[in-house]
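Q: Got a model open here and a few things to go through. Can you take them one by one?

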Amino acid sequence: MAADREVRVRFAPAPSGWLHVGSVRTALFNWLWARHTRGTFIWRIEDTDADRATEDSMQSMIEAMRWLGLDWDEGIEVGGPYGPYRQSERADLHRAVARRLQDAGHLYHDDRSPDELNTWRQQRRDDDLPPTVKRGTVPDADTGTLRLALPASGTVSVHDEVRGEVTWDWANESDPVLVRSNGAVTYPLANATDDLAQGVSLVCRGEDLLSVTPRQLFLYDLLLADGLLDDALDEVGLPARDPSWGAPSSFAHLSMVVGEDRKKLSKRHGSVSIQELARQGFLPETLLNTIALLGWSPRDGRERLDRDEVVAAFSLDQVGASAAAFDVDKLTAFNGERIRDMDPAALAHRLVPHLDGTYLPDGDDGEPDPDHEPILSTPPSDGELVRLTALVPLVQERMQVLAEVADYAPPFFREVGIDEAAAAKVFRKAGSVEALEAGATALAGVDWTVEAIEAALRGLTDELGIGFGKVAQPIRVAVTGSNVSPPLFESLAIMDRHVVLDRLAAALPVARAVRDDLG
RNA sequence: GCCCCCGUCGUCUAGCGGCCCAGGACGCCGCCCUCUCAAGGCGGUAACGUGGGUUCAAAUCCCAUCGGGGGUACCA
């Protein structure tokens with residue numbers, strides 16, 4: 001173990017699609033290790049496949065990382081001493097490396113078409129042989145792809161931080177294509193080259209890349225031998241490597257994140273974009289906390305951890321090797337706890353995007369509701385902000401996700417209709433009409449404070465000879481339109497008196513109709 | 001098919017030969033509190049995939065088997 005080597009880790013996604021829980025975990029663990037060791041976190045974009053890489057995807061990833069608060073020391077956007085950090089901008093280097101490998105006799109042409117190769121591989125399988133492409137089995141050619149000639153026999157091993165020692169037999173390893181027939185380099189070459197050129201000390205990535213490790217190890221040796229990479233760097237005018245850097249000294253292959261059915265993550269169970277989770281009202285702190293716990297746990301068993309606490313406690317040797325299912329229920333519960341711990345003023349600000357139309361709430365189909373009308377204006381007026389701040393303590397206790405505020409807030413900001421089911425359920429109870437009438441009278445002259453409102457309303461139970469529930473529910477439905485709301489006295493107190501009285505009056509005919517309907 | 005990885009409550013996990021007839025968290029169930037819904041408090045349910053070894057002793061080590069996953073691309 002090269003204990004003294006500065007830790008340099010990297011997150012190297014291909015920019016297709018968006019960041020989801022699985023990819024964020026890879027980013028997070030790299031980030032955590034860098035921060036824990038006071039090392040360097042590099043963000044490189046692997047866009048060597050022009051057909052798949054998109055600018056939108058990259059922008060979306062940047063947005064997600066920023067929202068999560070995962071900052072990078074070197075990489076796209078921020079730059080750094082060993083850039084550029086988009087592989088498409090490093091193509092000269094990759095080509096120079098390929099040419100030098102070819103000159104040194106490590107590469108050979110393979111001009112078989114994909115169809116021919118498939119047939120050939122199938123034949124190998126039928127013969128019960130490894131379907132691997134090897135030098136010597138292909139015809140002499142001077143066109144087509146360039147493959148790397150791997151050793152034909154013997155074994156390779158890596159020490160993996162999460163899996164221990166893993167060994168492969170070279171006889172089972174296929175010679176990888178390093179340069180496509182169109183001249184573009186592939187992942188194995190670009191990735192190995194850049195990891196070396198940027199001094200990556202530990203490769204931490206998904207388990208799906210475990211099987212690609214042997215050829216990378218082999219490539220590291222070739223690129224470092226005789227200063228091949230150094231010369232190529234010099235040739236294309238890119239920054240020289242630090243002389244103390246060797247090849248990555250270890251690997252950490254993180255298990256897959258799976259769905260609750262143990263199958264590959266799909267949208268149904270959490271493979272939603274980070275932006276989608278933001279829209280649903282999860283806090284970035286909760287996401288980071290929960291995702292960190294996916295395969296890792298601190299020695300002392302704590303589960304509620306702030307960012308700094310995770311950084312302090314994180315270590316690779318506590319990372320588990322088995323696949324983990326992302327549990328949205330647990331995320332939700334943690335999110336609720338965090339909301340309850342928040343400072344009300346800070347929470348009010350976080351709620352605004354869920355009320356002003358920035359984040360659309362779910363429609364009936366679970367998708368964002370395009371017809372939703374914002375509850376607050378953009379930007380919110382001072383009056384709206386004051387009312388929202390007053391509302392926060394009431395909703396803070398009962399929210400799991402920020403988006404839920406949209407369920408409670410409307411009656412505090414605008415007229416809302418009375419929910420029919422709520423009316424039918426509540427107004428059919430004996431005494432409802434009387435409760436509304438007496439409530440209006442009692443509230444008309446009272447001080448508009450929580451205490452006075454409570455005293456006035458509680459006094460009604462004796463006057464009407466019914467339990468308080470029978471008083472409170474009709475009034476709740478009349479004023480909020482729903483039989484579910486924050487506590488009644490507090491709710492009324494932050495509304496204007498005339499609004500409350502108007503709504504009580506407006507609900508009376510509805511209540512009478514329900515009662516009369518019952519005969 | 002071949003190669004590699006993985007296997008503790010429904011889920012995330014603790015556990016690295018005796019402290020474990022397995023602990024915590026989420027979920028679920030019940031009770032308490034209560035103006036609704038929540039929140040909160042208390043209690044409960046529930047797991048070492050299977051079969052062989054090794055050992056005085058195994059969730060922990062070994063082997064087999066079954067199951068799951070990844071790879072087997074001119075994607076990354």
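Q: Where does P84 sit?
A: P84 is in the loop between β3 (74-75) and α3 (91-103). This is a predicted model. A cis peptide bond joins P84 to G83, with omega about 0 degrees.

Q: And which residues does the cis peptide bond with omega about -10 degrees join?
A: T378 and P379. P379 lies in the loop between α12 (344-351) and α13 (382-396).

Q: Back to the loop between β3 and α3. What is phi of E77?
A: Near 70 degrees, which is positive, and E77 is not a glycine. E77 is also in the loop between β3 and α3.

Q: Is E77 buried or exposed?
A: Exposed, because its relative accessible area is 54% and the cut-off for exposed is over 50%.

Q: What about phi of D128?
A: Near 60 degrees, again a positive value in a residue other than glycine. D128 is in the loop between α4 (114-126) and β5 (145-148), and it is exposed at 70% relative accessible area.

Q: Switching to pockets. What volume does the largest pocket have?
A: About 1100 Å³. The largest pocket is lined by 37 residues, with P13, A14, S23, D208 and L209 nearest its centre.

Q: Which element gives the most to the lining?
A: α1, with 4 residues.

Q: How does the lining split by class?
A: 16 nonpolar, 12 polar and 9 charged residues.

Q: Last one: what does A321 touch?
A: V162, R163 and S255, leaving out residues up to four places away in sequence. A321 is in the loop between α10 (307-313) and β12 (324-325), and counts as partly exposed at 35% relative accessibility.

Notes. Residues are numbered from 1 along each chain as its sequence is written. Chains are lettered from A and ligands numbered from 1 in the order in which they are written. This is a predicted model: local features need pLDDT of at least 70, side-chain atom pairs count only at pLDDT 80 or more; totals for chains, interfaces and linings use all residues. Side-chain values use heavy atoms; hydrogens and water are left out. On a 1 Å grid over the protein atoms alone, a cavity is a set of points where a 1.4 Å probe fits but cannot get out, and a pocket is an open set with protein on both sides within 12 Å along at least five of seven lines; lining residues have an atom within 4 Å of a point. Grid points are joined across faces, edges and corners, and a volume is the space filled by probe spheres set on the points. Helices (H or I, at least four residues) and strands (E, at least two) are DSSP runs, numbered from the N terminus. Ala, Val, Leu, Ile, Met, Phe, Trp, Tyr, Cys and Pro count as nonpolar, Asp, Glu, Lys and Arg as charged, and the others, Gly among them, as polar. Buried means under 20% relative accessible area, exposed over 50%, partly exposed in between (1.4 Å probe, protein chains only). Contact means heavy atoms within 4.5 Å.
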